[in-house]
Amino acid sequence: MMRRDKTFEFLIPRQVDDLDLSRGTALYMEDISVSFDGFKAINGLNFYVNTGELRAVIGPNGAGKTTMMDIITGKTRPDTGSAWFGRRMNLLRMTEAEIAEAGIGRKFQRPTVFENLSVFDNLELAKAGPRGVWSTLRAWLTVDEQERIEELAEIIGLKDHLPVLASTLSHGQKQWLEIGMLIMQNPLLLLIDEPAAGMTHQEMDRTIELLKQLAGDHAIVVVEHDMDFVRALDAPVTVLHQGAVLAEGSMAHIQSNARVREVYLGTQATEAI
Amino acid sequence: MHMTTTTETKRSTAFGLASAAIIAGSLSSVAAHAQDDTIKIGVLHSLSGTMAISETTLKDTMLMLIDQQNANGGVLGKQLEAVVVDPASDWPLFAEKARELIEVEGVAVTFGAWTSVSRKSVLPVLEELNSPMFYPVQYEGEESSRNVYYTGAAPNQQAIPAVDYLARDLGVERWVLAGTDYVYPRTTNKILEAYLSAKGVASEDIMINYTPFGHSDWQSIVSEIQSFGSEGKKTAVVSTINGDANVPFYKELGNQGISAEDIPVVAFSVGEEELSGFDTSPLVGHLAAWNYFMSVESDVNDEFIDTWLDFIGDENRVTNDPMEAHYIGFNMWVKAVEKAGTVDADAVADAIIGVSVPNLTGGYSTMMPNHHITKPVLIGEIQDDGQFEIVWETSGLVAGDAWSDYLDSSKNLIASWRAPLSCGNYDVTTGVCSGQNLE
Amino acid sequence: MHSLMCTLLLLSPTLVAAQEAITSGDAELDPIFTAYVDGDRTDALTTLAGLDRGDKRALLTGILEGDLVLWKTESRIVRVEKDGRSYTLFDLVSGEELDTVRSRRVSRLKLDNRLRGFLRKLIAGLGLESEDPVERLTAVRALVSEPESIERQRIDALIENESNVDVLAALRAVRARQLVASSDPLEQQAGITALASDLSADSRRAIRDIANAPEDAELAPETREAAALAMVNQQRSVERYRTLETVFFGLSLGSVLVLAAIGLAITFGVMGVINMAHGELIMLGAYCAYFMQLLLPDALGAALMLSLPVAFLCTGAVGIVIERSVIRFLYGRPLETLLATFGISLMLQQLVRTMVSAQNVPVSNPAFMSGTVSFNEVFSLTLNRLYILAFCLVVFTALLILLKRSRFGLEMRAVSQNRSMARAMGVRSSRIDSLTFGLGAGVAGIAGVALSQLTNVGPNLGQAYIVDSFMVVVFGGVGNLWGTLIGGMTLGVANKLLEPWAGAILAKILVLVFLILFIQRRPRGLFPPRGRAAEAH
Amino acid sequence: MSHLTGLFKGTPSLHGPRLLGRRSTLLFSLILLAAIIVIPICHALPPDHPFYLGTYSITLIGKYLTYAILALSVDLVWGYLGILSLGHAAFFALGGYVMGMYLMRQIGDRGVYGNPDLPDFMVFLNWESLPWYWWGFDAFPFALMMVLLVPGTLAFVFGWFAFRSRVNGVYLSIITQAMTYALLLAFYRNEMGFGGNNGLTDFKDILGFSLRSDSVRVGLFIISGLSLLACYLLCASLLTSRLGKLAVAIRDAEDRTRFLGYPVDRAKLAIFTLSAMIAGLAGALYVPQVGIINPGEFAPLNSIEAVVWVAIGGRGTLYGAVIGALGVNAAKTWFTGAYPEAWLFALGALFVVVTLLLPRGIAGLLFGRKKKAEPVRENDTAATTAQVRP
């Protein structure tokens with residue numbers, strides 16, 4: 001399946017047998033509720049993402065952003081509601097590994113890379129491919145695959161760091177490595193939690209550029225606090241509040257929404273990073 | 001993991017050095033050979049771990065006996081030197097340490113082991129290297145090795161006389177055989193069961209109960225014993241409960257209001273040393289069967305106790321049966337060596353059979369051809385001062401029986417290490433000598 | 001090996017040889033004591049009991065209690081007061097102090113079980129007419145097992161004059177037993193009716209013997225029927241009480257488990273510290289009880305009570321030292337605290353072995369904790385177990401209140417849930433850590449005091465409880481005191497219900513296997529910690 | 001395995017696994033081989049030669065080598081997979097019991113009761129016939145297979161339940177401890193048919209050779225050494241494969257690995273089972289050298305001690321585990337001889353010092369400069385270690 005004519009092989013959308021994206025919606029979440037110890041983290045949430053869409057999600061602390069991601073990736077099971085990937089895959093019936101295999105990738109807020117593996121090994125593990133125990137044991141990198149990893153390392157600016165342990169990278173570099181790992185996974189839907197945290201302005205610009213490049217073939221949901229970043233992303237925005245969608249639309253539309261101003265922008269002073 | 005070459009090389013070199021150092025270190029434990037002007041005596045008792053409770057005392061006893069012998073001029077004009085090792089209550093370690101004593105230290109004889117499993121562990125090593133060991137603890141029998149001298153009681157020197165006493169003097173008709181689940185209680189209870197049924201005790205009058213090591217919750221079992229004992233017939237408990245399980249057992253008996261007059265308990269593993277860890281007031285009147293009690297009235301015992309208290313420097317210490325066994329065993333060995341004129345294992349083995357030495361109860365004990373010794377059997381009642389009051393004793397000495405006559409598997413077996421038989425388990429019906437002496 | 005099974009006829013000289021005549025300062029008693037020491041002790045005692053003397057009861061009791069001894073050098077019977085190994089001797093009659101000697105100079109009057117029982121009966125027999133109702137009760141109770149030994153008229157007369165309820169009941173029981181043994185069917189039936197409500201083993205046997213009497217026995221059919229009915233009823237009650245008893249045994253075992261585990265529920269449950277030295281802290285608590293009893297040998301009960309705060313403070317202090325010196329550097333690395341505290345546990349064990357001794361040490365049960373509470377003849381609860389059950393509940397409640405109601409508890413929960421937030425609110429989190437660990441350790445210490453009443457006090461005490469304690473905490477659900485209580489009690493009762501059926505060893509194995517399976521089904525125990533904090537790994 | 005074959009194809013891969021290319025592996029193999037050759041030669045020297053090694057020393061070192069194999073198996077799951085098993089002694093003991101059963105069957109009618117069909121303890125406890133689970137142990141190949149299968153099956157079943165229900169961290173450690181404790185109690189029971197407290201002992205022959213002969217002891221020593229080498233190479237090759245990297249990834253960030261789509265539970269199960277088999281092999285080699293196997297080998301303390309060897313040697317490095325096992329046991333032999341009282345103090349202090357000051361063990365002390373001093377992160381789930389996310 002090597003297509004050397006394309007620059008970035010990993011930008012080609014993957015085909016997954018059961019996945020049916022024919023209606024153009026990648027993710028449906030309907031009427032989701034979940035509570036912890038009586039606290040309603042998510043309360044009747046409805047959330048849809050179209051294929052190839054780039055979407056920003058904002059909201060004050062405790063709005064349920066992380067919990068929403070946990071539900072999509074199978075880490076938390078909601079009390080009620082339904083969540084579908086495409087039209088056929090019921091996310092609530094799948095394990096984390098199955099969901100990941102189906103094509104949903106996640107970047108954590110705190111960069112979680114494998115600190116005791118080299119940058120190269122991190123990318124190798126993330127590379128799309130068979131995941132079984134036996135095939136992992138016998139896995140063998142071809143020269144081409146190796147080259148691809150090196151190309152990607154070039155893109156994320158870690159080419160010189162391939163052999164070093166991930167634990168020695170700076171915070172920004174870890175963020176990049178994680179994005180790189182996500183790209184290696186070649187998912188259809190990317191969930192990205194606060195990518196800008198700890199990045200310099202230049203790094204941020206490169207991130208935005210990369211995300212925009214990825215969008216179109218991949219649906220991307222970015223959760224972010226940094227308003228400059230969200231503005232620069234120039235994508236539709238969903239505002240979460242108390243576990244439900246408060247408003248949705250372009251940045252300009254959101255900024256003019258009175259309720260958003262009240263609950264979110266009004267408290268932005270304390271939320272600012 | 002990716003390392004630069006220089007680090008990798010340094011790493012490897014250092015690793016090599018470390019491994020070499022460790023291997024060299026483990027080899028250096030091989031000590032020099034025995035010096036010629038002393039005779040080495042191995043002491044193989046656990047000084048740490050669970051058995052240290054009982055065995056440390058025996059190590060001290062041996063040191064005292066060896067000191068005494070040296071003060072009296074040693075043996076064959078040579079001084080004795082104790083080699084003490086610690087097998088740490090770890091059974092495989094017993095075999096290893098025995099090999100160290102014999103092969104590396106070159107001891108002439110070993111005194112040691114307490115539990116049956118430690119003896120079983122040491123046995124193959126003793127036989128392979130043909131070195132004698134004296135084993136001082138009461139045990140289940142069913143064994144007679146060329147290289148082991150059993151100075152503790154065989155079941156017929158402890159259990160059977162005790163049951164006889166209970167049946168005859170206390171009129172006991174119903175029996176609870178309670179034990180910890182290991183081989184000594186299993187064997188003893190099997191022998192007793194066979195013995196009792198041979199005496200006409202019905203099987204519903206025998207209750208057998210096994211508990212794990214260190215069992216601490218005796219409520220149900222004691223309650224069961226109580227209801228078993230309320231059937232109108234005089235009931236007694238024959239206890240082969242081991243070690244730490246005894247305190248909670250007796251405490252529970254006391255708490256449920258079972259006194260020695262209602263249901264007496266006769267124990268085979270509870271001696272003075274164990275009682276020093278008890279509050280004995282609720283135990284008064286319960287019984288124990290041994291071949292020696294500290295309370296025995298004899299001059300030789302008084303002297304032994306004085307020497308012991310002097311040696312250990314603590315007025316509150318006690319003496320007990322396994323200590324007497326070491327006392328007897330050590331003196332037998334000394335006498336046999338002097339008779340043979342050498343410490344050579346085979347010569348001593350020939351010389352020791354028939355050797356008689358004083359025991360602490362005022363009589364003499366003799367080494368029998370089956371490597372067991374003759375002993376009196378005493379029954380004592382526990383007193384509130386942690387001592388035993390002797391209430392009964394055999395009229396003469398009882399010879400230890402290696403193979404019980406009451407077990408189907410061993411009733412046809414005999415042991416005699418005298419020529420021409422020289423066999424530890426000779427089947428009198430088939431005329432075959434099977435087992436450990438076959439190479 | 002019959003040939004070797006020989007008994008050597010060597011007479012052993014240890015039994016007491018014939019001695020010279022014994023004096024006691026009273027000519028009437030001299031021959032009796034001489035006979036006691038040299039001849040038939042039963043006869044001597046019967047003679048003594050038959051004398052017409054006011055102090056015969058005291059003398060008999062003295063023999064029973066071991067207060068009368070033979071002063072060997074003087075061949076004289078004296079009364080003795082013991083103080084350690086030195087004995088003070090008093091004249092038997094005048095009570096005048098004679099001498100103070102070492103224990104070796106005297107020998108007690110020999111007694112064995114049979115004689116002791118005989119002696120008790122003699123003493124009891126002297127008590128039937130006593131002023132003291134307790135003595136009367138003992139006397140009557142001694143008669144129950146052999147009702148023929150007293151005439152019916154005498155019993156009737158005694159019943160007539162008796163005012164004490166308990167004694168009266170006992171007398172009636174004796175009479176009922178006499179009636180049952182009668183040959184008159186009416187009397188027999190009256191006896192059966194009287195005995196039907198009595199669940200003592202003797203009464204049940206008496207009824208059972210009638211109900212199961214051979215066909216050709218001379219028995220009225222009504223009598224047989226009445227006996228059979230009474231027997232069935234009795235069996236049913238006995239079964240019921242046995243079940244109750246088993247449940248109590250289970251609860252009492254459970255209370256021991258809860259006590260052992262509850263300190264761990266704090267250190268492990270609240271702080272997440274895997275304290276493998278927990279068992280050794282329990283052991284130290286038990287040693288506190290031992291040392292307090294050494295300090296106050298005359299007030300064992302008070303010593304035990306005092307050892308509770310002492311143990312709490314001592315082991316709590318040890319806990320704080322452990323926290324400050326080791327655990328504080330390992331927060332967030334529970335597996336490494338496991339190893340480090342295991343190392344500490346080995347050192348504590350060896351410390352006790354070296355400083356005290358490898359042997360077990362004796363800890364006495366004070367009088368108020370010995371004995372039983374009898375509800376009837378088949379159902380009685382042992383006092384010490386009841387105390388420990390109650391103690392367990394007291395400790396549990398106190399901890400619950402401390403955690404839920406006090407400022408310290410609040411800060412403790414705050415630190416455990418969100419350390420940085422708590423710190424921001426002005427909670428000195430490192431101090432709270434120390435105190436929490438100290439609290440857990442202190443509670444382990446008082447558990448040790450309780451355990452000293454049930455089991456061995458020795459260096460290995462802690463090891464016996466460590467696996468069980470962890471199982472209880474994990475089974476109940478980490479961080480939940482109620483879980484520990486209910487978990488421990490459930491395991492205790494389950495163990496005891498299985499024990500009669502499976503035996504002690506298999507019951508324990510089954511409980512362990514059940515626990516392993518249970519934790520795999522519900523990894524967070526009976527009462528799992530809830531909330532996002534628990535969800536997030 | 002393909003990366004092994006790849007080695008010979010000479011694929012010019014910069015980052016691919018190079019099993020024998022890793023110098024530590026090569027050096028380790030060479031030193032071990034040298035020891036396997038030199039030590040028997042020392043044994044053949046005349047007894048008064050300064051380099052002479054007696055049977056005692058050979059057996060002792062042979063025992064250490066089996067401990068080293070056990071340490072490897074613990075390191076594989078703890079050092080690389082992050083599972084702190086406090087029950088590995090159970091697998092070791094099971095392997096030992098399997099070997100013990102074979103050795104018991106080899107006694108034949110030379111037992112004390114001369115019964116050709118039953119071991120002595122069964123004759124004595126009135127067993128009528130050999131229980132079914134003893135069948136087949138007359139045959140060495142069958143016994144050898146069982147040495148791997150019995151511990152492997154237990155680990156598989158146990159792990160299958162545990163990993164599937166996400167029991168991990170401390171909880172897993174505690175139930176592994178409960179497992180070995182339950183087995184300890186079970187094997188103490190005489191009804192189990194494994195000799196109760198006395199266990200299996202008084203072995204005579206292995207494959208027809210007398211266990212009391214010197215040459216068999218030397219042979220067992222050499223086999224132990226070669227087995228250690230084989231297990232080392234097996235572990236090393238496993239760890240240089242992508243599965244090895246996956247194991248480290250699981251240890252450091254289990255959830256992240258799941259989000260990458262790896263079947264974490266199955267990977268854990270596979271490595272755990274393999275590790276149990278290696279431990280079983282170690283037990284099987286241990287028994288003929290020490291001459292006894294009894295339930296004491298199941299004691300939770302033994303498992304914890306094995307963990308300590310690894311911790312002291314340096315977890316996460318295979319040679320560290322071996323150094324730890326050899327070093328601690330040599331120290332134990334010396335200490336219990338010289339200062340029996342002080343042994344527990346020393347061992348206890350070692351635990352504390354190593355966890356506090358040397359989180360990477362001796363290996364970290366010697367070679368740890370390159371990496372950050374920060375210890376390997378655990379992957380635990382105790383309530384308090386959980387971070388509350390905003």
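The model is predicted.

The interface of chain C with chain B comes first. Chain C brings 63 residues to this contact, and chain B brings 72. The area buried between the two chains is about 5500 Å². Carbon and sulfur atoms give 44% of that area. Six salt bridges are found across the interface of chain C and chain B. In one salt bridge, the side chains of B:Glu261 and C:Arg120 meet at 2.4 Å, N to O. Polar contacts between chain C and chain B join 15 residue pairs, with both residues at pLDDT 80 or more. Several elements of chain C give two or more residues to the side that touches chain B. They are the strand β1 (7-8) and the helices α4 (113-125), α9 (201-211), α10 (221-270), α14 (383-405), α19 (481-502) and α20 (504-521). The most comes from α10(C), with six residues. By class, this side of chain C has 23 nonpolar, 21 polar and 19 charged residues.

The interface of chain C with chain D follows. Here 49 residues of chain C are in contact with 52 residues of chain D. About 4900 Å² is buried between chain C and chain D. Of this area, 74% lies on carbon and sulfur atoms. One salt bridge is found across the interface of chain C and chain D. In a salt bridge between these chains, the side chains of D:Arg315 and C:Glu336 meet at 3.5 Å, N to O. Two residue pairs are in polar contact between chain C and chain D, both residues of each pair being at pLDDT 80 or more. On the side of chain C that touches chain D, at least two residues each come from α10, α13 (334-355), α15 (407-417), α18 (463-476), α20 and α21 (532-535). The most comes from α13(C), which gives 15 residues. This side of chain C has 32 nonpolar, ten polar and seven charged residues.

C:Pro500 lies in helix α19 of chain C. The residue counts as exposed because its relative accessible area is 60%, over the 50% cut-off. C:Pro500 and C:Thr246 are 254 residues apart in sequence. In space, the C-alpha atoms of C:Pro500 and C:Thr246 are 9.2 Å apart.

In chain B, helix α5 spans residues 159-169 and is mostly covered. Eight of the eleven residues of this helix are buried. The buried residues of α5(B) are B:Ala159, B:Ile160, B:Pro161, B:Ala162, B:Val163, B:Asp164, B:Tyr165 and B:Leu166. B:Gly171 follows α5(B). The phi of B:Gly171 is positive, near 65°.

Chain A was described as a whole. This chain has eleven helices and ten strands. It has 273 residues, of which 57% count as buried. Its accessible surface comes to about 11200 Å². Carbon and sulfur atoms account for 48% of that surface. Contacts in chain A between residues at least 6 apart in sequence were also sorted by separation. Of these contacts, 69% join residues at least 24 apart.

Key. Residues are numbered from 1 along each chain as its sequence is written. Chains are lettered from A and ligands numbered from 1 in the order in which they are written. This is a predicted model: local features need pLDDT of at least 70, side-chain atom pairs count only at pLDDT 80 or more; totals for chains, interfaces and linings use all residues. Side-chain values use heavy atoms; hydrogens and water are left out. Contact means heavy atoms within 4.5 Å. Buried area is the accessible area (1.4 Å probe) that two parts lose on being put together, summed over both. A salt bridge is a side-chain nitrogen of Lys or Arg within 4 Å of a carboxyl oxygen of Asp or Glu. A polar contact is a pair of N or O atoms within 3.5 Å; within protein, one must be able to donate a hydrogen and the other to accept it, and residues adjacent in sequence count only if both atoms are side-chain atoms. Helices (H or I, at least four residues) and strands (E, at least two) are DSSP runs, numbered from the N terminus. Ala, Val, Leu, Ile, Met, Phe, Trp, Tyr, Cys and Pro count as nonpolar, Asp, Glu, Lys and Arg as charged, and the others, Gly among them, as polar. Buried means under 20% relative accessible area, exposed over 50%, partly exposed in between (1.4 Å probe, protein chains only). Accessible areas come from the Shrake-Rupley method with a 1.4 Å probe; for residues, only the protein chains shown count as cover.
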